[in-house]
Amino acid sequence: MHTMLEKSKAFSGFAVNDIAKARQFYGETLGLQVKEDEGMLAIHLGSGATVLAYPKPNHTPATFTILNFPVSDVEQTVRALREHGVRFEIYREGPYKTDEQGIHRGKGDPTVAWFTDPAGNILSVVEGTGPT
């Protein structure tokens, strides 16, 4: 079954409470290419996709991971991001406990570490190549 949307260049978006802080974090701290246009940010990802960050003054961060960055070495990436001021989440409870570095190494699970953007949105670096 074919739909009218199968060839649409779909994109995802998420809210932030401060576009200037988001631009600095995604552009300078994470090193992504960002472009501000009409008060919104286009964040260009290494996959070729673009994600939209839009302002929402009464923003409430999502309680789930909104953006995953596949990397070949989570430990090395965590070290590098820490040097740029990124703080990783430490989870002591629940199914995805982390070590003191904020890295989860579960049986059968990918190695992953979670951190937040200035608006409190949850992001991750995860070992592997991501979905294909």
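In the predicted model, the side chain of His-59 forms a polar contact with the side chain of Asn-121 at 3.4 Å; a polar contact is a pair of N or O atoms within 3.5 Å, where within protein one must be able to donate a hydrogen and the other to accept it, and residues adjacent in sequence count only if both atoms are side-chain atoms. The model being a prediction, local features need pLDDT of at least 70 and side-chain atom pairs count only at pLDDT 80 or more, whereas totals for chains, interfaces and linings use all residues. Residues are numbered from 1 along each chain as its sequence is written, and side-chain values use heavy atoms, with hydrogens and water left out.

His-59 is located in the loop between strand S4 (50-55) and S5. Helices (H or I, at least four residues) and strands (E, at least two) are DSSP runs, numbered from the N terminus. The side chain of His-59 also reaches the backbone oxygen of Ala-15, at 3.5 Å. With a relative accessible area of 13%, His-59 is buried; the term buried denotes under 20% relative accessible area, exposed over 50%, and partly exposed the range in between (1.4 Å probe, protein chains only). Leaving aside residues up to four places away in sequence, His-59 touches Ala-15, Val-16, Asn-17, Ala-119 and Asn-121, contact being defined as heavy atoms within 4.5 Å.

An open sheet of 4 strands, with mixed pairing, has the order S5-S8-S7-S6. Two strands pair if DSSP finds at least two bridges between them. Strand S5 (65-71) and strand S6 (103-104) are the edge strands, each pairing on one side only. Strand S7 (residues 112-116) and strand S8 (residues 122-127) run antiparallel and are joined by 5 bridges; Thr-116 has Ile-122 in S8 as its bridge partner.

Helix H2 (residues 74-83) lies across S5, S6, S7 and S8 and runs at about 140 degrees to S8. Axes are lines fitted to C-alpha atoms, for helices over the stretch in contact, and angles run from 0 to 180 degrees between N-to-C directions. Val-74, Thr-77, Val-78 and Leu-81 are the buried residues of H2. They cover an arc of only 100 degrees around the axis, which puts them on the same side of H2; the arc is that of the directions from the helix axis to the C-beta atoms. An α-helix has 3.6 residues a turn, so residues three or four places apart point the same way. The packing partners of the buried H2 residues are helix H1 (19-29), S5, S6, S7 and S8. The N-terminal end of H2 is capped by Asp-73, a side-chain oxygen of which lies 3.1 Å from the backbone nitrogen of Glu-75. Gly-85, which follows H2, has a positive phi near 90 degrees.

In helix H1, the buried residues include Ile-19, Ala-22, Phe-25, Tyr-26 and Thr-29. These cover an arc of only 160 degrees around the axis, which puts them on the same side of H1. Asp-18 caps the N-terminal end of H1, with a side-chain oxygen 3.0 Å from the backbone nitrogen of Ala-20. Just after H1, Gly-31 adopts a positive phi of about 75 degrees.

A search of the whole structure identifies 6 aromatic pairs. Rings of Phe, Tyr and Trp (its six-membered ring) pair if their centres lie within 6.5 Å, and planes under 30 degrees apart count as stacked, over 60 as edge-to-face and the rest as tilted. For Phe-14 and Tyr-26, the ring centres are 5.9 Å apart and the planes stand at 50 degrees, so the pair is tilted. Phe-14 belongs to strand S1 (residues 12-16) and Tyr-26 to helix H1, so the pair ties together parts that are 12 residues apart in sequence. Phe-14 is buried at 7% relative accessibility, and Tyr-26 is buried with a relative accessible area of 0%.

One aromatic cluster is formed by Phe-14, Phe-25, Tyr-26, Phe-88 and Phe-115. Phe-88 lies in the loop between H2 and S6 and is buried, with a relative accessible area of 8%. Not counting residues up to four places away in sequence, the residues that Phe-88 touches include Val-78 and Leu-81, as well as Trp-114, Phe-115 and Val-125.

Strand S2 (residues 33-37) and strand S3 (residues 40-44) pair in the antiparallel sense over 5 bridges, and Val-34 stands opposite Ile-43 in S3. The hairpin of S2 and S3 has 2 residues between the strands, and Glu-38 there takes a positive phi near 55 degrees.
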